[in-house]
Amino acid sequence: MTGAVAGRAGRARTRGAAPAGRGRTRLLRWSPLAPATVLLLLFLAGPICYCVCLAFTDTQLTGQESASFVGLANFRQAFGDPAFRNAVALTLVFTVVSALLGQNTLGLALAGLMRRASRPVRTLTGATVICAWVLPEIVAGFVLYTFFARRGTLNALLEQLHLPPQNWLFTLPILAVSFANVWRGTAFSMLIYSAALAEIPQEVTESAEVDGAHGLRRLWHITLPMIRRSIGTNLMLNTLQTLSVFGLIWAMTRGGPGNRSETLPVFMYDQAFLKSLIGYGTAVALLLLLVGAVFSAVWLRLMREEV
Amino acid sequence: MRPTAPLMLLAAAVVAAGTLTACGSGPGSDQNTVKVAFIKDTNGKVTVRDDYVRLVARQFERSHPGKKVRLIPVQASENDYYTKIQQMMRSPRTAPDVVYEDTFLVNSDITAGLLRPLDDRLRTWDDWRQFEPAAKSAARGQDGRTYGVPDGTDTRGLWFNKKIFKQAGLPADWRPRDWAAVLDAARTVKRTVPGVVPLNVFTGKGAGEAAVMQGFEMLLYGTGADQLYDPADRKWVTGTRGFKDSLGFLDTVYKEKLGPDVSDALSPHIQTRVAAELLPEEKLAIDLDGSWLGQQWQKTGGGRPWPAWSATLGQAPFPTQHGAPPGKVSLAGGWTWSVPRQARQPELAWQLIKTFQTKANALEWCVRGAQIAVRKDVAADPRYRTSVPGIGFFTGLVKVSRYRPALPEYPRVAAAIGEAMEAVTAGDSSPEKAAADYDTTLASLVGGRTVAKP
């Protein structure tokens, strides 16, 4: 506390001092952050700049010796490419189904239910859900592949129950990978919402109950408005995480059959590394970045409209 | 305003310094080490190529005292392997000195400037005279120079299980005359021997170039001349009957459920599954596949030892569509040893390639890898001719074998073919629609150099 006051006083003093001295103080103040800034520039801004540069060229992995600047040709190609539009549509389906409807809602439901559950149930559920979350993405991908595959666990179970087996990865692969992503990502939402629900003051809940708000009404009028900020944060993190899911889909379907589960990251990889069109692939990556930015802007707005 | 300008300058300087110095002095530029990159089978139990490369490397180290060979086995599917070596070859820090290149890709990599011409060295190398003319041109670029030394070739045909055929009442010396005969045999098996996959034709994107070459082009090259590329016009061909008929054949196989289950057929693991499970477990009656299959069932280094295979499996040439002469069709491919342009030790690399291609080592590889010899002295060797059952049959197919268009844009055309196959197999498109989509894509892939031949 006193440190902050002293700092403010210091700043007030330097305002009036000579420009050279001011510069030095600022540099000094920044110096502890220097290594972090350099690392960020080197490993975060660097690759992004490189990616932006590549997106405007026709760089290829093979088949062409030198790359040249092609302006917006890659972007024009993307918007004219039915496979790209298909990938955008699938990405939106994947994000809405698995992040917004799946992870977010299920996470909130689990968090709500766990508050009322007995301690052993809570521990057990929490541990199970978090287990799915800590599994590395590629491991989760293989586990879920063996679960959904034609001769997989799910069909073995269905057979035991004398139900007709389903070929999930073939008939509706985008739904299968969406379920997989829900399975994997729900724990994160659950943790965020558990913390948020615990923050709601006891007296607010009690007075609501005294006023006769029970069940759904209390959820709608009291709980949701009170954890609105957490919902925004969670939605943003979920969306951004889901938009960039690659390993899970790659391990389960490779974007197939046909291109029925080819979301943007998979499409990007296919173009850049399998078709060797690095330039086009990076252009698609930039567009993906743009989609992410649009989603983030929406959620940020949602959070700002706080009462 | 924040005083960010000095920060940015400082940071930029640090970044520049970091990258520049890193480029200047790469680690691992040891004068005495030669690095060799090659593909390792995705089935970890198959170590045929690793064992052979290690054997030659030891020999090289003995005959070149003080030199070391560093093996870089890349365990990946073929598509991923190509991507990996292309990335490695782009920088002198990661480029191997010797690289194993698929002839399907070599022209694309030559055009990209990733490889080094070997003409000067080949001119003074006596053994080069032993190579068949077709093999000598396997890695020849558009500029007429040679960029690789092939270590064998392969052909393709039908493998069939004689025991299943007997149950189905089909002859043990089966020789289908046309496509209809192949389909009829498959239908007979489906009717009479339940629980067995009648016919496997690789298809889709998962199996990569294997599907395009073993599956699609074996069909297409049997439908008439120049159905893919017209060498006279130097243009890629669109709208042919042959293209649609070939997709139609696949459509029939997978619609009538004569092939493996569609989700299996489209999975990237199908090649391993066919070689390591379906054939040895005698669950597959007919397989349109490559001459090298035998290497998978050897006692040492094979993924699935199966000594009985030579008595169980028969081979037949794949027929042309309507039995038109010469009545059979085969495609030849193969791999070459090449030297990347960015290699640090090109001299040692060439010495190593020569060691790979001494007569004894070339023979050793043909025997171990069930390869078809490209050297005349190896082909004449009795040990080669008795090495693997069926090698005589597949060597005989070399005469009718055709080659894929050795052009830099071929890999991308092949990828488009894979997509057309996948669309038909998965039931997303009719053969006509998939062929039309391919025609549209093709024009953009080859810069408009197409010619319609309806």
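These legends describe close-up views of a predicted model.

**View 1. The contact between chain B and chain A.** Chain B brings 35 residues to the contact, and chain A brings 30 residues. Together the two chains bury about 2800 Å². Carbon and sulfur atoms give 56% of that area. The size of an interface is often given as the accessible area lost when the parts come together.

View 2. In one salt bridge, the side chain of B:E419 meets that of A:K275, with N and O 2.7 Å apart. Side chains of opposite charge can pair when their charged atoms come close. Polar contacts link 14 residue pairs between chain B and chain A, with both residues of each pair at pLDDT 80 or more.

**View 3. The side of chain B that touches chain A.** On the chain B side, the elements that give two or more residues are α1 (4–24), α3 (78–89), α4 (103–111), α11 (262–265) and α19 (410–425). By class, this side of chain B has 15 nonpolar residues, eight polar residues and twelve charged residues.

**View 4. The second largest pocket.** Rolling a probe the size of a water molecule over the atoms shows where empty space is left. The second largest pocket has a volume of about 1200 Å³. Its lining counts 42 residues. Which of them lie nearest the centre of the pocket? They are A:D81, A:A83, A:Q271, B:E419 and B:T441. One of these, B:E419, also forms the salt bridge with A:K275.

**View 5. The lining of the second largest pocket.** The pocket is lined by 42 residues. From chain A, the elements that give two or more residues are α4 (73–80), α5 (82–116), α15 (264–274) and α16 (278–304). From chain B, they are α19 and α20 (431–445). Helix α20 of chain B gives the most, with eight residues. By class, the lining has 14 nonpolar, 16 polar and twelve charged residues.

**View 6. A salt bridge within chain B.** Over all chains, the structure holds 33 salt bridges. One of them pairs B:E347 with B:R121, and their closest N and O atoms are 2.8 Å apart. B:E347 lies in helix α14 (residues 346–356) and B:R121 in helix α5 (residues 119–123) of chain B, so the pair ties together parts that are 226 residues apart in sequence.

**View 7. Two loops of chain B.** A cis peptide bond joins B:P325 and B:P326, with omega about 5°. B:P326 lies in the loop between β11 (318–319) and β12 (328–331) of chain B. Another loop of chain B, between α9 (209–220) and β7 (229–230), holds B:D226. Phi of B:D226 is near 50°, a positive value in a residue other than glycine.

How values were computed: Residues numbered from 1 in each chain as written. Chains lettered and ligands numbered in written order. Predicted model: local features only at pLDDT ≥ 70, side-chain atom pairs only at ≥ 80, totals over all residues. Heavy atoms only, no water. Contact = heavy atoms within 4.5 Å. Buried area = accessible area lost by both parts, 1.4 Å probe. Salt bridge = Lys/Arg side-chain N within 4 Å of Asp/Glu carboxyl O. Polar contact = N/O pair within 3.5 Å; in protein donor to acceptor, adjacent residues only side chain to side chain. Helix = DSSP H or I, 4+ residues; strand = E, 2+ residues; numbered from the N terminus. Nonpolar A, V, L, I, M, F, W, Y, C, P; charged D, E, K, R; others polar. 1 Å grid on protein atoms, 1.4 Å probe; cavity = no way out; pocket = protein on both sides within 12 Å on 5 of 7 lines; lining within 4 Å. Points joined across faces, edges and corners; volume = space filled by probe spheres on them.
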